[in-house]
Amino acid sequence: MRKGKRKLGRGVAIVGAGMSRYGVRPGVSNREMFVEAFNNMLASVDRGIDPKDIEANYVGCCGAWIWETQAGVGKWCTDWAGLVPKPSTTIDNACASASVAIRQGIIGIASGLYDIVLTGGVEKMTTLPTEETTLVLATGADTTWECYAGFTFPGLYATMATAHMNEYRTTPEDLMAVAIKNHNNGALNPMAQFGQTIRDVMNARIAKAKEKGQSVPSWADEMEFLHDIRYNPVVAWPLRLFDCCPITDGAACVLLVAEEIAKDFTDTPLYVIGTGQASGGALHSRESLTSIPAAQIAARQAYEMAGVKPQDIKIAEVHDCFTIAEVIAIADLGFFKPGKEAATAAAEGKTTRDGVKPINTSGGLKSKGHPVGATGAGMVVEIFHQMRGEAGARQVPMDTNLALTHNVGAHGTTVVVQIYERR
């Protein structure tokens, strides 16, 4: 059967986006963080919106059943946001949960079922010790063929990293450059969990050693600091501590409306012009460990729907749960050639805020944080502010009329890619 080109049956726009502060939030529940993000979103709608006009709520959340012993978080977020009895849907697609929630909201409006939809995600991850949270996260992988073999997510991405090193001669320094770049961005993001550059961290360690009368480290620069096994230990070789995203509490919300009413809310809406989603299998079923096939498929769908090419995209937020993930992402998306060109992009300044393709200006998952159920929506919050020129100190200097988000569930079992336009 011949299939036609995919397109939205009705235009969809983003008119508001907001997030809670990311980090360790003791005593703050999922629903409280969601309300924080919801209120932040309401404040971002230039001409305001009556919450009573919101017709549905799609919420990404994948671990509350164990981290908070609470199922169906979406309905409680809907309740606390004052939206009952509007329909709510909780979506679990691992780390891509919020992006799938946003995509379902897009489909709801494009189908004509709704005109105004709230979408987003939330996750409370810090209620358990790190080793137990690591086990919870591991359930996003294949429990039959991966978890029972001893894999955790650092181990899975370390496997991808070693394959990349073997095939392309990628170096640990290439990955360290990604961490340095993303921490430089996160230091300018007031909502980020790690609002520090790597140099800030390094200087803090030096100051602490002096204060305690200990031997003072004499690192020449950030790279030398990141090579110090005492302060940047190996988690799963070749990935070290600063190659890994943190465990995070947080929430984010995105308000979608039908294109024909977008100007009722703001003069500068962002239009969703491309969306793609694909699924993938476990690592052992892939022909290559140096790319994520679902990402390539989702990207192809989104580019085709939008009628644009990778080189047209001005700025992107991509899934960097580990530094190698950003390297793989920018190749899968067609921004850089697979292998050495993608691996060295950060070190060569190509993906910095003033580079040819700014990547993860928010700080990415690496520095901003990774509350797994909320991450995809948090990406859209950054794109919303960058495209509207509202990103403050981290605002990129070039025009950002076309942007992209790339959100990976687990190690590539679900990927969502979406493209946005400012007209």
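Colleague: How many of the residues of strand E4 (residues 116-123) are buried?

Modeller: This is a predicted model, in which local features need pLDDT of at least 70 and side-chain atom pairs count only at pLDDT 80 or more, while totals for chains, interfaces and linings use all residues. Residues are numbered from 1 along each chain as its sequence is written, and side-chain values use heavy atoms, with hydrogens and water left out. Helices (H or I, at least four residues) and strands (E, at least two) are DSSP runs numbered from the N terminus, and buried means under 20% relative accessible area, exposed over 50% and partly exposed in between, for a 1.4 Å probe and protein chains only. On that basis strand E4 is mostly covered, and the number of its residues that are buried is eight of eight.

Colleague: Which residue in E7 does Leu 118 stand opposite?

Modeller: In a regular strand the side chains alternate between the two faces of the sheet. In E4, Ile 116, Leu 118, Gly 120 and Val 122 point one way, and Val 117, Thr 119, Gly 121 and Glu 123 the other way. Strands pair if DSSP finds at least two bridges between them, and E4 and E7 pair in the antiparallel sense over eight bridges. Within that pairing, the residue of E7 opposite Leu 118 is Leu 255.

Colleague: Is the pair of Phe 225 and Tyr 231 stacked, edge-to-face or tilted?

Modeller: Rings of Phe, Tyr and Trp (its six-membered ring) pair if their centres lie within 6.5 Å, and planes under 30 degrees apart count as stacked, over 60 as edge-to-face and the rest as tilted. The structure holds five aromatic pairs. The rings of Phe 225 and Tyr 231 have their centres 6.2 Å apart and their planes at 40°, so this pair is tilted.

Colleague: How many residues apart are Phe 225 and Phe 242?

Modeller: Phe 225 and Phe 242 form an edge-to-face pair, with 5.8 Å from centre to centre and 65° between the planes. Both Phe 225 and Phe 242 are buried. The pair links distant parts of the chain, since Phe 225 lies in helix H9 (residues 222-226) and Phe 242 in the loop between strand E6 (239-240) and strand E7 (250-258), and their separation is 17 residues.

Colleague: Over the ring of which residue does the charged end of Arg 423 sit?

Modeller: A charge sits over a ring if NZ of Lys or CZ of Arg is within 6 Å of the ring centre and within 35 degrees of the ring normal. The charged end of Arg 423 is 4.0 Å from the centre of the ring in question, which belongs to Tyr 271.
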